[in-house]
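Keep the 3D view open and follow the points in order.

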Amino acid sequence: MWERTLQDLIRGLRANKADESKFIAKAIEEIRQEIKSDDMVLKSGAVLKLTYLDMMGYDMSWASFHVVEVMSSPKLHLKSVGYLGAIQSFDQDTDVLMLTTNLLKKDLTSSPADIALTLNGISHILTPDLARDLSPELIKMLTHSRPAIRKRAVLALYKLVKRYPEVSTQVVSRLKDKLEDPDAGVIAATVNVLCELTLHNPKDYLALAPPLFHLMTTSSNNWMLIKIIKLFGTLSPYEHRLVKKLQPPITELISTTPAISLLYECVHTCIIGGMLEGSSGDALARTCVSKLAAFIQDSDQNLKYIALLAMVKIVPTHPHLVAQYQDTILASVNDQDISIRMRALDLISAMVDETNLQNIVQQVLSHLVTDTSSSNVPSAAESLAQHTIPPTSLTVKPSLPSPSASPAYRLTLSQRILQMCSQNTYENVTNFEWYLSVLVDLAHVANVDVGVQIRDQMVDVVGRVKVARRYAVKLMFALLSDDAMLRNAQDEGSCSEVLWAAAFICGEYCSELADPQKLLPLILQPGISNLSPDIIAVYIQAATKIFGFYAAEVAQRWIDDDLHEVKAVVQMVIERVEPFVSSSHIEVQERAANTFQLFNFILADLNSYRPRSTGNPFDESSSSYANSDVISEPRFPKSLFIIQPLFSSYELNPVAQHAQESVPIPEGLDLDAWIVPPPADPLSLSEPGEKKAKRKIKREKGKDGVSGSGNKGKKKQREENGKEHGYNGNGLVTLIPIESETETEEQRTERERRRAERLERQRDDPYYIMDKKLSSTVSPPHDVDLDSIPVVKLEGMPAFLGPVDSRLPSLRSTPFQYSPEPFYIDRVGEMPTGAAALTNSSPSSHHSTPTPGSRPGSIISRTASPAPVRLSSGLTASISSFPQYEVADEDGQPATPTPEPVKVQSKMKKAPGTVTGKKKRPKAVAAS
């Protein structure tokens, strides 16, 4: 048989690429014959070829015993082949490893070359059992006379501790001695092993801090210093005395070392080790931030990345130091490297506060603005140069695409803007009018699908900040007037969802408009058919709200000349809404049908209206009005007030997070009891006396059959028997319950068995719904006193034929101006009435004035904030001014436009005599 060497095998593989699998199968068959040979040289050659094939993906686990045989060879070059095969193919589940214990112990006491080879192999094939048996020999190797052996033994200790943790106590003391070894290689290997071991259990290695500190202050090897500083960064959080001890030498290293890798490791250790905390760490933090800022300005992309990553960790403790390099950090947002851009965005999001939010948002927003000056068409000078200068002398520089052109990156930028402004319920926003303009600008320049998030924040801000509603309606009016937004609503990234918010805000707060009827043609223009169905539904609902407010306003100052104008508006609404009555979308169809029928009713009422000559529509001074039971007819059409009370009776406020679970349960209400009891079980009711009742009926029938009386007597007897069994004289059946006799023990057992079988069948039936809490024997607990659920009573609604509410707003003709009143944001929301009654708040708390830092709401000054900065040119057009007005309270005093503060009780006490059944109730909010 011709013996192939490893070189022959490699040449054969290269020569048989067309049929490689066939060649390898033949080679493995030859190896199977060679590896069984008694010739150790031939056997080692077969193992070497198998090791090469194993690297190609062919299994050699079947030859593990032969590998052990080669490992036991007395010749070093053959033994190395065996150890190589073991390293390549053995794992923790290899059975023959139990046979290698004595072999490994013998090799560890052999020549230095065998010991070095064995230590290298042990590091790869060590198992928990081998680690337990070989631990004395491996620890003994730490005192070997040769440094190479000691270094390999130290490296093998890592796998020893990992596989057999019980030996770690002995290893720590030996590693401490090796830190003072005369050989630098042994010390470096020890430090490397300690770096890995301290990651798993740092407290076990705190005793090594003194020799490590001595090495840090005396060693000049940068790689050694990097490992030692990493070690201290892991140990410092567990020993606070190390922080004060390490600050001077690390500060000196940061200031003097020219090695960038060592400099960064020192800065990173200061951050993770807590050395920047306290007054003593301010100077060190300033030094670290200055070094990291220099890294950001460096041309090396790796340095930029790690510097941004480190600054993110410094921001929570020293934001004022990082803020000094804000422009440098913002410049990285437009870097060509996507990883640097993302780390820069992380850093910017972490350093935002009330002082720099507007500046940062405007700069990030500017990256989303498309540069219209950049075009592929060459300029006149470039075109002339191409014709006059030879092409060989031109140096064409490829233009790199702008990072902001990537849709994924634009989406990230947009989401970060929204996240920075809305975090912790807008705690960093000082000017909500500015933020509303930012949301509108973002909708115009984003060109990605963030319309839903912008819509939600628009509605949320306007609902929470009442002072910003007038400016919000002003912006939304301009947004609804933008034909480009409506025309491009079907395009991807058009953010057309903001039109949903615009229609909702204008409809809900249309009282801020001077001429609300002018908004109806915009909301009901034919172009809205291009919008999505959910936006169309909101448009139709907003049109109803706007007309309701407009009609109530016209009715308040009614003159007969207004009739034609109101008719024209109603007819316009009917004409614009009618096409949507046949919409395929159920929500649009329902709202359009309701609006269509409602406005047809209003139009019919307007057509039937006849002007009246009375001077005052509600003159209560007349005796006829005072003494009459019938309310006098108003001068205006009554249908003008049919819509406005539907939307203005209750104010739409933000709801608190725990409002639903804070609703108290009414007293006496058992939520586990049946509202409608289920029908009685026929088996359980009729089984006990069913057979006896049947036998009784049969006996009565038998008596009737043997009776010898005449027809008249039989008829009378049948009537008596019929009445007894439930038949009346008219032939109708009257059900009479059968009185069950005393149930025997056997009957009760049988009935319970049948009932259990029936319940078991019903439990396995997927089409039968069972109540797991239903139990006929367990009664609800009587020691639980339940609260009452508040019921919304529709009281106080304005009567349809009643007098006009004197509190309806009367609009003024004064131009819109920013009032000096502070912004008040409702951060908590509205709680249910029952939960508010449970709070144990003092009467004085209802009249407290919130401070700038108070919660749940906060008051933000509007005078110090700059004017909103506008990016999109479509919103810079002047908008009609809005009249100011005041809403009078019931006592006739004008109400303040700023809502009273909401007070949050830190601890809520239960009302006397009430038990809710909950261990802990969330914070309740009492509306002031």
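Two residues are in contact when they have heavy atoms within 4.5 Å of each other. Please also bear in mind that this is a predicted model.

1. Let's begin with the overall picture. The chain has 928 residues, and 42% of them are buried. Its secondary structure comprises 38 helices and 4 strands.

2. The buried ones are Val498, Leu499, Ala501, Ala502, Ala503, Phe504, Ile505, Cys506 and Gly507. What covers them? The cover includes helix H24 (432-445), helix H25 (451-464), helix H26 (469-480), helix H27 (483-487) and H30.

3. Now for the largest nonpolar core, which holds 223 residues; Tyr435 and Phe547 are the members that touch the most others. The element giving the most to this core is helix H30 (residues 533-556), with 16 residues. If you zoom in on Tyr435, you will find that it touches Leu418, Cys421, Tyr426, Val429, Gln457 and Val461, leaving aside residues up to four places away in sequence.

4. Is Pro526 buried or exposed? Its relative accessible area is 64%, and exposed means over 50%, so Pro526 is exposed. Pro579 is 53 residues away from Pro526 along the chain, and the C-alpha atoms of the two are separated by 9.6 Å.

5. Finally, take a look at a pair of helices, H3 (residues 40-55) and H5 (residues 76-89). They pack with their axes 9 Å apart, at an angle of about 30°. Angles under 35 degrees count as roughly parallel, so H3 is roughly parallel to H5. The crossing of H3 past H5 is left-handed. On the H3 side, the contact is made by Met40, Val41, Ser44, Val47, Leu48, Thr51, Asp54 and Met55, while H5 brings Leu78, Val81, Leu84, Gly85 and Gln88. Sorted by class, this contact has 8 nonpolar, 4 polar and 1 charged residues.

How values were computed
Residues are numbered from 1 along each chain as its sequence is written. This is a predicted model: local features need pLDDT of at least 70, side-chain atom pairs count only at pLDDT 80 or more; totals for chains, interfaces and linings use all residues. Side-chain values use heavy atoms; hydrogens and water are left out. A nonpolar core is a set of buried Ala, Val, Leu, Ile, Met, Phe, Trp, Tyr and Cys residues joined through side-chain atoms within 4.5 Å. Buried means under 20% relative accessible area, exposed over 50%, partly exposed in between (1.4 Å probe, protein chains only). Helices (H or I, at least four residues) and strands (E, at least two) are DSSP runs, numbered from the N terminus. Axes are lines fitted to C-alpha atoms, for helices over the stretch in contact, and angles run from 0 to 180 degrees between N-to-C directions. Angles under 35 degrees count as roughly parallel, over 145 as roughly antiparallel, 65 to 115 as roughly perpendicular and the rest as oblique. A crossing is left-handed if the near helix is turned anticlockwise from the far one by less than a right angle, and right-handed if clockwise. Ala, Val, Leu, Ile, Met, Phe, Trp, Tyr, Cys and Pro count as nonpolar, Asp, Glu, Lys and Arg as charged, and the others, Gly among them, as polar.
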